[in-house]
Amino acid sequence: LRKWTPTATIKAYDDLYNKYVPLQGVKVRIRYFAFLKAYHYTDANGNVKFSSKRKDVDYSIEWERDMWDIRDNNIQAYYNGPNDSKTAWNLNISEGTPKSLRIASIHRALYRYFYNNTSRVVIPEKKVTISYKDREDRGNAAGEACGIIFAYGDKLIVAPSIGMDLSKVVSSVYIYGKNGNIYRNPSQVLSTTLHELSHIAHCSNVGFLKFAQTEDHIKEAYTTAVQWDMTIKEYYDLYLKGHTALSDLLKFITSQKWPLHNRNNKYSPLFIDMIDDYDQNIGGAYLVDKVKGISLNEISYNLGRFMTINDFKQYVMSRSGFLKEKQLYFDLYEKKYVKQ
């Protein structure tokens, strides 16, 4: 039999880009000659190449790597390709397979977080298991990596894992693919996954007890900042800077336009405002933000010091520069959004 070379190209549709995006780091597997298997990971162009074979092969994707495992409900997620093939596999994951498209978006978020983490934020210390639920959004849940953290709506419920490995029972994160009967956009699934991953990383790096005692305003301000930062970088890498749809998504993520009457809103731009050079107080309706100069990396690696807003305030005030601006910002933040 003449030898041939199995190859594959894996891409997924993105709603903001309105094109197919190469999927990097996907585990593509071939099976050949009874039970013999081989796998390789796709490169930056979504391509993978295997050694030459004489037999035909069965292609598939196994949605996992050393640092994560994506589950379809509670079982390993796969994408089964052509069987008994002696040709290249060119896959464009589209809305024609909506569940697989959302799983591909989760993979993009994971790859960004673990392998393209240019802001150098902390990552989870244990393998992350993510369950995709192909149904309406009932909240997200974070688990085994640091006790169990259930997030329903705007409430976090935490419980210790008591030293048990719960990874076979409960996933680290649950992501729901629909709002009602409508599928969430791939960009929304990607962004939400980044948000939940940063909860896991926060908890696993500071420890369960400290995480459980940390104010929700700190927890959600951090995850909001990571979500904002990595979503921007994911789409800037696709040359979408200034794109209207991306701007709309970022406005939603960053919570820059907090209504002044909405007190106790935890999803705040508190950390973002320390990083960016944008003052959202255009027209006088929002927080005055003339503060900058603190990096996301710095915030991330000091998370264990920030259990309350006051902890973070004292840290920020100890830094040189913008002292009046910082004091004004925290005065407004505490008056308008935290205190009753």
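Which residue takes a positive phi in the hairpin of E1 and E2? In that hairpin, which has four residues between the strands, Asn 18 takes a positive phi near 60°. The model is predicted, so local features need pLDDT of at least 70 and side-chain atom pairs count only at pLDDT 80 or more, while totals for chains, interfaces and linings use all residues. Residues are numbered from 1 along each chain as its sequence is written, and side-chain values use heavy atoms, with hydrogens and water left out.

Helices (H or I, at least four residues) and strands (E, at least two) are DSSP runs numbered from the N terminus. Two strands pair if DSSP finds at least two bridges between them. Strand E1 (residues 7-14) is largely enclosed by the rest of the structure, because six of its eight residues are buried; buried means under 20% relative accessible area, exposed over 50%, and partly exposed in between (1.4 Å probe, protein chains only). E1 pairs with strand E2 (residues 19-22) in the antiparallel sense over four bridges, and Ala 12 has Val 21 as its bridge partner in E2. Five bridges join E1 to strand E11 (residues 89-93) in a parallel arrangement, where Ala 12 stands opposite Ile 93. With strand E5 (residues 47-49), E1 pairs in the antiparallel sense over three bridges; Val 48 in E5 is the bridge partner of Ala 8.

**The open sheet**

Four strands form an open sheet with antiparallel pairing, in the order E4-E3-E6-E10. Strand E4 (36-41) and strand E10 (78-80) are the edge strands, each pairing on one side only. Strand E3 (residues 27-32) and strand E6 (residues 58-62) run antiparallel and are joined by five bridges; Val 28 stands opposite Ile 61 in E6.

**Salt bridges**

The structure holds 14 salt bridges, a salt bridge being a side-chain nitrogen of Lys or Arg within 4 Å of a carboxyl oxygen of Asp or Glu. Among them are the following pairs.

| Pair | Closest N and O atoms |
|---|---|
| Lys 27 and Glu 62 | 3.6 Å |
| Lys 99 and Asp 72 | 2.9 Å |
| Arg 319 and Glu 298 | 2.3 Å |

Arg 319 lies in the loop between helix H8 (309-318) and helix H9 (323-338) and Glu 298 in helix H7 (residues 296-300), so the pair ties together parts that are 21 residues apart in sequence. At 27% relative accessibility Arg 319 counts as partly exposed, whereas Glu 298, at 18%, counts as buried. Lys 27 and Glu 62 are both buried. A network of salt bridges links Asp 14, Arg 108, Arg 112, Glu 234 and Asp 237.

Helix H2 (residues 186-206) has 21 residues and reaches 31 Å from its first C-alpha to its last, close to the 30 Å expected at 1.5 Å a residue; the expected span is 1.5 Å times one less than the number of residues. H2 is mostly covered, with 19 of its 21 residues buried. Just after H2, Gly 207 takes a positive phi of about 95°.

A nonpolar core is a set of buried Ala, Val, Leu, Ile, Met, Phe, Trp, Tyr and Cys residues joined through side-chain atoms within 4.5 Å. Of the 83 residues in the largest such core, Trp 63, Ile 93 and Phe 312 touch the most other members. Not counting residues up to four places away in sequence, Phe 312 touches Ile 218, Leu 270, Phe 271, Met 274, Ile 299, Phe 306 and Phe 330, contact meaning heavy atoms within 4.5 Å.
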